[in-house]
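Morning, everyone. Please have a look at the model on the screen, and then I'll walk you through a few spots.

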Amino acid sequence: MPMRKGAKRKRVQKDKEDEAKASSSSQENHKQESTKAPTRAKSVKASKPQPEPEYFEDKRNLEDLWKEAFPVGTEWDQLDSVYQFNWNFSNLEDAFEEGGILHGKKVYLFGCTEPQLVPYKDEQKVICIPAVVAITSPFPPSDKIGINSVQRESEEIVPMKQMKMDWVPYIPLENRESQVDRLKSQIFILSCTQRRSALRLLKIDRVKKYEYCLPYFYHPFKEDELEQSTEVQIIFPAEPKPEFTDNLIKEEELSEDQKDAFKEFVKEKVREAKKANREARESRKKALAEMSEETKKAYENMRFYKFYPVETPDTPDISKVKAPFINRYYGKAHEVF
């Protein structure tokens, strides 16, 4: 059926109106979208380079044991030189481990130093070398200190506490906070509470006494070397200065009026020495008679061990100067490490 002309015109007009509405709607939507606040993009922070982790070597449980044991007899002004090197006493530490010579035993330790000429950095240098003496014993080996030197006329044997020294328990690093472990300690060190900062308040003679100190030990089963000796060290108070008698005789320095006085002086000193030796023997016999079997056994089983630092790249080579001798009271160590 043929379409009327009027109808066709209306349809074309309607299509144009629909297109105009669609275009208007599209523009409106675009306008609304353009008026919306733009969404802010999240910023991505650049990651900082992480520093390399630092690794610290764990402290060994007995690492400071050798430092805690007071170096008896060392001159005060030499103490700093003892600690100028990072000495390693891991051999002493290992001795307390299972299978070690000190494992499971009650041990008393004291320090000492030995000035020795040793090679270090392609030259020979006098180095104050530390050593530690360990004594295995169920009780303190002694509560006394010997004070002796070439310059002194006679030796003194005094209580440790008179020189502010005593055996105190050593607590390993991991147990420092525990009072219980302090009571159960099997390791004791000879400690000194004299402060270096207070030395200036002391008389010179008192300060020097510390430098002449030697840990004292008396073994009731062995005669003291002085008991066996036939020599008597004598300092004759001659003018202008006191002299050893050997020097006076050798150099014939005695004047005529001094000779008779010198003879009497020598005789008196010999009598004193003989008397001291006799009293020492009697005292030893009495001590043995009163000693329990348990104590006698403890003395028989007592052992002395001397530890030197182990060799490391940054410490002097001391391999050729190790010696078993401890001091005139203790004699020689049973073993040296």
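How many of the 6 residues of strand β6 are buried? The answer is 5, so β6, residues 187–192, is mostly covered. Buried here means under 20% relative accessible area, exposed means over 50%, and partly exposed is in between, all with a 1.4 Å probe and protein chains only. Helices (H or I, at least four residues) and strands (E, at least two) are DSSP runs, numbered from the N terminus.

A word on the source. This is a predicted model, where local features need pLDDT of at least 70, side-chain atom pairs count only at pLDDT 80 or more, and totals for chains, interfaces and linings use all residues. Residues are numbered from 1 along each chain as its sequence is written, and side-chain values use heavy atoms, with hydrogens and water left out.

Back to β6. Two strands pair if DSSP finds at least two bridges between them. Strand β1 joins β6 through 3 bridges, and the two run parallel. Strand β5, residues 165–169, joins β6 through 5 bridges, and that pair runs antiparallel. Now look at Ile189 in β6. Leu109 has Ile189 as its bridge partner. Val168 has Ile189 as its bridge partner too.

Next, strand β3, residues 144–147. It is joined to β4, residues 156–159, by 4 bridges, and they run antiparallel. Within that pairing, Ile145 stands opposite Val158. β3 is also joined to β7, residues 213–215, by 3 bridges, again antiparallel. There, Ile147 has Cys213 as its bridge partner.

Now the loop between β1 and β2. β1 covers 107–120 and β2 covers 123–136.

On to charges. A salt bridge is a side-chain nitrogen of Lys or Arg within 4 Å of a carboxyl oxygen of Asp or Glu. How many salt bridges does the structure hold? There are 6. Let me show you some.

Start with Lys306 and Glu114, whose side chains meet at 2.5 Å, N to O. Lys306 lies in strand β10, residues 303–307, and Glu114 lies in β1, so this pair ties together parts that are 192 residues apart in sequence. Are these two buried or exposed? Lys306 is buried, at 0% relative accessibility. Glu114 is buried too, at 15%.

Next, Glu293 and Lys296, which meet in a salt bridge at 3.6 Å, N to O. They are 3 residues apart in helix α10, residues 293–301, so about one helical turn separates them. Glu293 is exposed, at 59%. Lys296 is partly exposed, at 21%.

One more: Asp143 and Lys144 form a salt bridge at 3.3 Å, N to O. Lys144 is partly exposed, with a relative accessible area of 33%. Lys144 also belongs to the residues of β3, the strand joined to β4.

That's my tour. Over to you.
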